[in-house]
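Thanks for coming. I will go through one structure today, starting with contacts between side chains and ending with the pocket.

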Amino acid sequence: MAEVFGPRLYSCCNCRNHVAHHDDVISKAFQGRHGRAFLFSHAMNVIVGPKEDRQLMTGLHAVADVYCSDCRVVLGWKYERAYEETQKYKEGKFVLEKSKIVKENW
């Protein structure tokens, strides 16, 4: 019988600050600056930086970098606005890079 320690979480790989719940994963098929990334509906214990327009693989988006609230490492970005109608589902969502987060309580 497996022991349960709490909810499955993702933490900052640098300081182990909890940044997202596994239940908030929307997609694991995203591409970040440094490889694979996950799309989350919510993130916690993060700081959202200033908004800027950025040309991404799926078009032009207004995004803001997301930093760990403890150690300030860049974890990914938040979609603030999607200019193309087919990309609107990303608005308000968070992309966290797989290389910047670690699994907890798995």
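How many salt bridges does the structure hold? It holds five, where a salt bridge is a side-chain nitrogen of Lys or Arg within 4 Å of a carboxyl oxygen of Asp or Glu. Before the details, the conventions. This is a predicted model, in which local features need pLDDT of at least 70 and side-chain atom pairs count only at pLDDT 80 or more, while totals for chains, interfaces and linings use all residues. Residues are numbered from 1 along each chain as its sequence is written, and side-chain values use heavy atoms, with hydrogens and water left out.

Take R16 and E104. Their side chains meet in a salt bridge, at 3.1 Å from N to O. R16 lies in the loop between strand 1 (9-12) and strand 2 (18-21), and E104 lies in strand 9 (residues 101-104), so this pair ties together parts that are 88 residues apart in sequence. Strands here are DSSP runs of E with at least two residues, and helices are runs of H or I with at least four, numbered from the N terminus. On accessibility, buried means under 20% relative accessible area, exposed means over 50%, and partly exposed is in between, with a 1.4 Å probe and protein chains only. R16 has 48% relative accessibility and therefore counts as partly exposed. E104, at 18%, counts as buried.

Next is D65 with R54. This salt bridge also has an N to O distance, given as 3.1 Å. D65 sits in strand 6 (residues 59-68) and R54 in strand 5, so the parts tied together are 11 residues apart in sequence. Both D65 and R54 are buried. The two also belong to a network of salt bridges that links R33, E52, R54 and D65.

One more pair: K88 forms a salt bridge with E91, and the closest N and O atoms are 3.5 Å apart. K88 is partly exposed because its relative accessibility is 30%. E91 is partly exposed too, at 29%.

Now the cysteines. How many disulfides does the count come to? The count is zero, taking a disulfide as a pair of cysteine sulfur atoms within 2.5 Å. For C13, which is in no disulfide, the nearest cysteine sulfur is that of C12, 5.3 Å away. C13 counts as partly exposed, at 34% relative accessibility. C68 is in no disulfide either, and the nearest cysteine sulfur, that of C15, is 3.5 Å away. With 0% relative accessibility, C68 counts as buried.

On to strand pairing. Two strands pair if DSSP finds at least two bridges between them. Strand 5 and strand 6 run antiparallel and are joined by nine bridges. They form a hairpin with two residues between them. Within this pairing, D53 has A62 of strand 6 as its bridge partner.

Strand 8 (residues 94-97) has two pairings to report. Strand 4 (residues 35-40) runs antiparallel to strand 8, with four bridges between them, and A37 stands opposite E97. Strand 7 is also antiparallel to strand 8, joined by three bridges, and there W77 stands opposite V95. Are the faces of strand 8 covered or open? Both faces are covered: F94 and L96 on one side, and V95 and E97 on the other, are all buried.

Staying with strand 7, R81 is found there. R81 is partly exposed, at 43% relative accessibility. Its C-alpha atom is separated by 9.3 Å from that of K51, a residue 30 positions away along the chain.

Last, the largest pocket. On a 1 Å grid over the protein atoms alone, a pocket is an open set of points where a 1.4 Å probe fits, with protein on both sides within 12 Å along at least five of seven lines, and lining residues have an atom within 4 Å of a point. How much space lies in the largest pocket? About 220 Å³, the volume being the space filled by probe spheres set on the points, which are joined across faces, edges and corners. The lining has 13 residues, and Q31, L56, M57, W77 and Y79 lie nearest the centre. The elements that give two or more residues to this lining are strand 3 (25-32), strand 5 (46-56) and strand 7 (74-82). Strand 3 gives the most, with four residues. By type, the lining divides into seven nonpolar, three polar and three charged residues. Here Ala, Val, Leu, Ile, Met, Phe, Trp, Tyr, Cys and Pro count as nonpolar, Asp, Glu, Lys and Arg as charged, and the others, Gly among them, as polar.
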